[in-house]
Amino acid sequence: MNTTPPFIHPTAEVSPQATVGYGSKIWHQAQIREDVHIGSNCIISKGVYVDFGVSIGANSKLQNGVYVYHGATIEDGVFLGPGVILTNDKLPRAINPDGSLKSDADWQVSPIHIKRGASIGAGSVVLPGVTIGEYAMIGAGTIVTQDVSPHGLVYGNPGCLHGYVCRCGQVLTRGQDQSDYERSDTWFCPACGDHYQFQS
Ligand SMILES: CC(C)(COP(=O)(O)OP(=O)(O)OC[C@H]1O[C@@H](n2cnc3c(N)ncnc32)[C@H](O)[C@@H]1OP(=O)(O)O)[C@@H](O)C(=O)NCCC(=O)NCCS
């Protein structure tokens, strides 16, 4: 187990009510709000914003300029590319119908859940209430409007399922092996040879 104390760059702002795990690094101008929990060995890059109460599992990487809003849960080993935004308010308004400023009690959080090993490409936006399955891969610039199945390869606007990816990150090929590409529910990894079953 890594027992190195976390590194926090002098320009980062980490709430005294946040917890940061062993070996994690928090870089320039990142802001980590109260009641955030960051697991061990995470990399929180320059300019990242993590809203209050968010939980981030061990070995996760949040690249420059990621914004994670209240209600998000990020499991272990998650990759969020530069500029990814995890949202939380499906029907946002600054003011009530009477023109008064909305308070924290005047709107509803729809939580986002990013499961173990999933990756989200640069500049993607995840809409409120979405769950992204284990080891899914979201392409750069995707607007993720619906839940993504485990190992799902999703890209576009709105994001659509285009296939599946291996735990190692390679795009999977349909079939048992190179000579059996007709089988509909078995997929294999041309890089590491792992097999998976998905119902399409
Ligand atoms: C989504 C992704 C994993 C797809 O990889 P791939 O399956 O090898 O894709 P290919 O390059 O073979 O492209 C397949 C098709 O999808 C399109 N495509 C690929 N990525 C796309 C994306 N992010 N959005 C929209 N279309 C995309 C290609 O234009 C191509 O279309 P075509 O068949 O009409 O020519 C990859 O393109 C991607 O976006 N990776 C994330 C990169 C990133 O943000 N990294 C962050 C660290 S800097």
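Here's a walk through the salt bridges of this structure. The model is predicted, so to speak of a local feature takes a pLDDT of at least 70 and side-chain atom pairs count only at pLDDT 80 or more, while totals for chains, interfaces and linings use all residues. Residues are numbered from 1 along each chain as its sequence is written, and side-chain values use heavy atoms, with hydrogens and water left out.

Searching the whole structure turns up four salt bridges, each one a side-chain nitrogen of Lys or Arg within 4 Å of a carboxyl oxygen of Asp or Glu. Let's start with Arg33, which pairs with Glu34 at 2.9 Å between the closest N and O atoms. Arg33 is partly exposed at 22% relative accessibility, and Glu34 is partly exposed too, at 25%. For scale, buried is under 20% relative accessible area, exposed is over 50%, and partly exposed sits in between (1.4 Å probe, protein chains only). Arg33 and Glu34 also join Asp51 in a network of salt bridges.

Next up is Asp76, whose side chain meets that of Arg116 at 3.9 Å, N to O. Asp76 sits in the loop between β12 (73–74) and β13 (79–80) and Arg116 in the loop between β15 (113–114) and β16 (119–120), so this pair ties together parts 40 residues apart in sequence. The strands here are DSSP runs (E, at least two residues), numbered from the N terminus. Asp76 has a relative accessible area of 34%, and Arg116 has 39%.

Finally, Asp194 and Arg167 form a salt bridge at 3.8 Å, N to O. Asp194 lies in the loop between β24 (186–188) and β25 (195–197), and Arg167 in the loop between β22 (160–164) and β23 (173–174), so the pair links parts 27 residues apart in sequence.

Methods:
Helix = DSSP H or I, 4+ residues; strand = E, 2+ residues; numbered from the N terminus.
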